[in-house]
Amino acid sequence: MERLPQGPRQTPPDTTTGDVAELLRGAGLRPTRQRVALARLLFAEGDRHVTAEKLHEEALASKVPVSLATVYNTLHQFTEAGLLREVAVEGAKTYFDTNTSNHYHFFCERSGKLLDIATGAIRIEGLPEAPDGMTISRVDVLVRLVAKDER
């Protein structure tokens, strides 16, 4: 049985503008007004899974003038900087996870909801050797769910 390291757990920042700006600077990102506003929305509720469309709706509802393209770009920048983890569910359906630790997910097919699986609930065995010069960084597991009466 092989277990991958869980990795460091990112602690969500306080959502004050100064704390969010410091988080962005620490990740190598310039704290622009739009990045700070989107980061505050992302991290205000602790661990969560969000799509670009959902964050865009939240931004507009919070009177943050931002285009959907800017939201996508910002989410990808945050992911590249290590602030978010991208979870691809289907071809075009991507969620962004504020919990950047190595963990797995349930996906409810009817509701489209993504849920974390408890740490240690899945054990990965028999991973192949990585090719020369490479190492395994993580293994993504997505367990799809349907209601018992829908099978």
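This is a predicted model: local features need pLDDT of at least 70, side-chain atom pairs count only at pLDDT 80 or more; totals for chains, interfaces and linings use all residues.
Residues are numbered from 1 along each chain as its sequence is written, and side-chain values use heavy atoms, with hydrogens and water left out.

**View 1. The protein chain holds 4 helices and 6 strands.** Helices (H or I, at least four residues) and strands (E, at least two) are DSSP runs, numbered from the N terminus. Along the sequence, the pattern reads α-α-β-α-α-β-β-β-β-β. The protein chain has 151 residues, and 37% of them count as buried. Buried means under 20% relative accessible area, exposed over 50%, and partly exposed in between (1.4 Å probe, protein chains only). Contact means heavy atoms within 4.5 Å. Of the contacts with a separation of 6 or more, 51% join residues 24 or more positions apart.

**View 2. Helix α2 crosses helix α3.** The axes of α2 (residues 33-43) and α3 (residues 52-61) come within 10 Å and cross at roughly 110°. Axes are lines fitted to C-alpha atoms, for helices over the stretch in contact, and angles run from 0 to 180 degrees between N-to-C directions. The two helices, α2 and α3, are therefore roughly perpendicular to each other. Angles under 35 degrees count as roughly parallel, over 145 as roughly antiparallel, 65 to 115 as roughly perpendicular and the rest as oblique. L38, L41 and L42 in α2 meet L55, E58 and A59 in α3.

**View 3. Helix α2 is largely enclosed by the rest of the structure, because 8 of its 11 residues are buried.** The buried residues of α2 are R35, V36, A37, L38, A39, L41, L42 and F43.

**View 4. The largest nonpolar core has 24 residues.** A nonpolar core is a set of buried Ala, Val, Leu, Ile, Met, Phe, Trp, Tyr and Cys residues joined through side-chain atoms within 4.5 Å. L42, L55, L75 and F78 have the most contacts inside this core. Helices α1 (17-26), α2, α3 and α4 (68-80) each supply at least two of its residues. The most come from α2, with 7 residues. Beyond its neighbours within four places in sequence, F78 is in contact with L24, L29, R35, A39, L42, L83 and L84.

**View 5. H56 lies in helix α3.** H56 counts as buried, at 17% relative accessibility. Not counting residues up to four places away in sequence, H56 touches V66, S67, L68 and V71.

**View 6. The structure holds 1 aromatic pair.** Y95 and F107 form this pair, which is edge-to-face, at 6.3 Å centre to centre and 65° between the planes. Rings of Phe, Tyr and Trp (its six-membered ring) pair if their centres lie within 6.5 Å; planes under 30 degrees apart count as stacked, over 60 as edge-to-face and the rest as tilted. Y95 is in strand β3 (residues 93-97) and F107 in strand β4 (residues 105-108), 12 residues apart. Y95 is buried, with a relative accessible area of 6%. F107 is buried at 3% relative accessibility.

**View 7. T119 is exposed.** Its relative accessibility is 61%. T119 and Y104 are 15 residues apart in sequence and 7.9 Å apart in space, C-alpha to C-alpha.
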